Amino acid sequence: MRTIVSPSLLSADFGNLAKDIDMLNRSEADWLHIDIMDGVFVPNISFGFPVLKHIARLAKKPLDVHLMIVQPEKFLREVQEVGTLIMNVHYEACPHLHRVVQQIRDAGMKPAVTLNPATPVFLLKDILSELDMVLLMSVNPGFGGQKFIAHTTQKVKELRRLIDETGSHALIEVDGGVNLDTGKQLRAAGADALVAGNAVFSNENPEAYIQALKNL
Ligand code: DX5
Ligand code: ZN
């Protein structure tokens, strides 16, 4: 399978989102990765649901929504009503994770659980069979353009083993500091999907960069 590429809009030009979304629509990107932050779960605020609505209206690719917020289940309706494909919630933000995962599925979306860099993958063992994807953070969430945490490739390998053992069909996605170099290592370790913000948008030819990521 070719790499699933989910460019992160966090590094797009917020003054002209339509232009950058147009570029992503033309590109080989599979999904659009949307980072929503609340200033509580992470030390930053990005944008909220009114902006998500406009992004969804312009996007021709499925939305991969990454909620870096406490109590993400409170906003299930807002995420669902824009036609989101994948709703990512953080393990660290959900004491009743099983219930939230069921609610996401009942709302017609694919449930995905995100792990911070310090959260070990074995904690997902009892929920893996219910998930469509696991998103491993390879930076501490909250900001684009940070340095890739090298230990993540080890976590990808461990998660691959756990997925195979439990018979889960969950995809493995990685987010943070992904570029052609780190992306190649992640693919070799067993990652299916790559999120990339800064590497895509700082490139002079973002469409070609997305194509290169697809070919990893
Ligand atoms: C960080 C976000 C990421 C971010 C990745 O908290 O979850 O999706 O946009 O950006 P880069 O690829 O620049 O590390
Ligand atoms: Zn993200």
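Me: By class, how many nonpolar, polar and charged residues does the shell around ligand 1 have?
Reply: Please keep in mind that this is a predicted model. The shell around ligand 1 has 10 polar residues, seven nonpolar residues and two charged residues.

Me: Which residues come nearest?
Reply: There are 19 residues around ligand 1, and those that come nearest are S8, G142, G145, D175 and G177.

Me: What is 2.7 Å from an oxygen atom of ligand 1 on the S8 side?
Reply: That is an N or O atom in the side chain of S8. At G142, a polar backbone atom is likewise 2.7 Å from an oxygen atom of the ligand. For G197, a polar backbone atom lies 2.8 Å from an oxygen atom of ligand 1.

Me: How much of the accessible area of ligand 1 does the protein cover?
Reply: On its own, ligand 1 has 380 Å² of accessible area, and the protein covers 99% of that. The space that ligand 1 takes is the largest pocket.

Me: Which elements give two or more residues to the shell?
Reply: They are β2 (32–37), β3 (63–68) and β8 (193–196).

Me: New topic: how many salt bridges does the structure hold?
Reply: It holds six. One of them joins the side chains of R2 and E28, with 3.0 Å from N to O.

Me: Why does that pair tie together separate parts?
Reply: R2 is in the segment before β1 (4–7), whereas E28 is in the loop between α1 (17–26) and β2, so the pair links parts 26 residues apart in sequence. Side chains of opposite charge can pair when their charged atoms come close.

Technical notes:
Residues numbered from 1 in each chain as written. Chains lettered and ligands numbered in written order. Predicted model: local features only at pLDDT ≥ 70, side-chain atom pairs only at ≥ 80, totals over all residues. Heavy atoms only, no water. Near = heavy atom within 4 Å. Polar contact = N/O pair within 3.5 Å; in protein donor to acceptor, adjacent residues only side chain to side chain. Areas by Shrake-Rupley, 256 points an atom, 1.4 Å probe, with all protein chains shown as cover. 1 Å grid on protein atoms, 1.4 Å probe; cavity = no way out; pocket = protein on both sides within 12 Å on 5 of 7 lines; lining within 4 Å. Sits in = over half its atoms within 2 Å of the grid points. Helix = DSSP H or I, 4+ residues; strand = E, 2+ residues; numbered from the N terminus. Nonpolar A, V, L, I, M, F, W, Y, C, P; charged D, E, K, R; others polar. Salt bridge = Lys/Arg side-chain N within 4 Å of Asp/Glu carboxyl O.
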